[in-house]
Amino acid sequence: MESVFMFFCTLLVWLMTPGIALFYGGMVRRKNVLSTAMYSFSSMAIISILWVIVGYSLAFAPGNGFIGSFDWTFLHNVGFAANDTYSDAIPHVLFMMFQMTFAILTVAIISGAFAERMNFSAYLIFIILWSLLVYSPVAHWVWGDGGWLRNLGALDFAGGNVVHISSGVTGLVLAIMIGRRKEADSASPHNLPLALIGGILVWFGWYGFNVGSALTIDNVAMTAFVNTNTAAAAGIIGWGLVEWLTNKKPTMLGTISGAIAGLVSITPAAGFVTVPSSLIIGFLGGALCFWAVFWLKGKVKYDDALDAFGLHGIGGIWGGIATGLFATTKVNEAGADGLFYGNASLVVKQLIAIGSTVAYVAIVTALIVVIIKLFLPIRVNEEQEFKGLDLTLHGEKAYQE
């Protein structure tokens, strides 16, 4: 039963990356829709192979507090038999595949920050280095056998740190280092229905993302299920209310963005908090992410094209803090009580986890970019940017005149 459940959850999370391709593709200009989708599909190809060769081993094989080992390289000893360290109820290879979909998705999320201007060759090199030097170590810290944040007692149910903070902060660093688009101020989504379809697929896949992180069907999994939907709905209301008050009109793009903000915010807390808490987390997540997208980005003047940092970075940080506030062992005995249940130390642990993730991800991402720039341009030239990356980098058009 658990294996069938986890097989289905793995497929749901896999679907999120094509969903991101459509979501991001609809939000860029028509001359860049295919190149934007290529970022996501390239992640599916490259990270899939890298994960089975060495990425999974570095993230989850027994090692030290900071990194795994090469014991499971090429999936050595990763077979049908369960691995009791992570789950005694499902095949080890199924757990590996479930985690692979997370690694793929994280890289795809990053691409929203630098859309419409990053050199494709540089991107391919970047995601290889980033996956090995950033994603696998951070995944090991949080979830791996012996990981130092896991041993510290920091909580991250489904990837607030590992997926959302790491992708959001990486996106912010890239957006700053690559620079603003030449037409950033006039750029607008070319196909909102396409973005809506992509957003729906992402939301649908998120049920596998959060519920599957229980690794079994039990009370914790069902709580995560209800919390996921509740936070998404509350995120729509939180975002929409602030948008309505600020801009005088609620928008469809704001609605799906609010849902994603709520989903990101509940991700680290999904299996640790009560349903009323998920309502608060999602609502405030929607409002905070709106603030980041429409105020912070304009104030600081960074060009996070599709709001990878505004949604995933800010939402992930808030979700990590909220876990420290609202977590309770009444929901999950394997978790911990948070501040509102008499344990202030969990907030401290969550802040340590968030701070260390932000610092490590930002520093290593910047170093990777500096190294790549020594060998090839990380940004397309002005002519390529003006004509569009679909035609100049990939030789095709999404739409005929």
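Helices here are DSSP runs of H or I with at least four residues, numbered from the N terminus. The model shown is predicted.

**View 1. His92 in helix α3.** His92 belongs to helix α3, which covers residues 92-110. Its relative accessibility is 3%, and because buried means under 20%, His92 counts as buried. Beyond its neighbours within four places in sequence, His92 is in contact with Tyr56, Trp72, Asn77, Val78, Gly79, Phe80, Ala81, Ala82 and Asn83.

View 2. Helix α6 runs over residues 160-178. At 1.5 Å a residue, its 19 residues should span 27 Å, and the end C-alpha atoms lie 25 Å apart, so the two values agree. Of the 19 residues in α6, 17 are buried, leaving the helix mostly covered.

**View 3. The crossing of helices α10 and α11.** Helix α10 (residues 275-300) and helix α11 (residues 308-326) have axes that come within 9 Å and cross at roughly 145°. The crossing is right-handed. On the α10 side the contact includes Ser277, Ile280, Leu284, Leu288 and Leu296. Residues of α11 that meet α10 include Phe309, Ile314, Trp318 and Phe326. By class, this contact has 14 nonpolar residues, four polar residues and no charged ones.

View 4. An unreviewed UniProt entry annotates residues 4-399 as "domain: Ammonium transporter AmtB-like". Over residues 4-399 the chain is 68% helix and 0% strand. The end C-alpha atoms of this stretch are 40 Å apart.

Definitions and conventions. Residues numbered from 1 in each chain as written. Predicted model: local features only at pLDDT ≥ 70, side-chain atom pairs only at ≥ 80, totals over all residues. Heavy atoms only, no water. Axes fitted to C-alpha atoms, helices over the stretch in contact; angles between N-to-C directions. Helix = DSSP H or I, 4+ residues; strand = E, 2+ residues; numbered from the N terminus. Left-handed = near helix turned anticlockwise from the far one by under 90°. Contact = heavy atoms within 4.5 Å. Nonpolar A, V, L, I, M, F, W, Y, C, P; charged D, E, K, R; others polar. UniProt positions renumbered as here; feature names shortened; annotations may be inferred. Expected span 1.5 Å × (residues − 1). Buried < 20%, exposed > 50% of the residue type's maximum accessible area, 1.4 Å probe, protein only.
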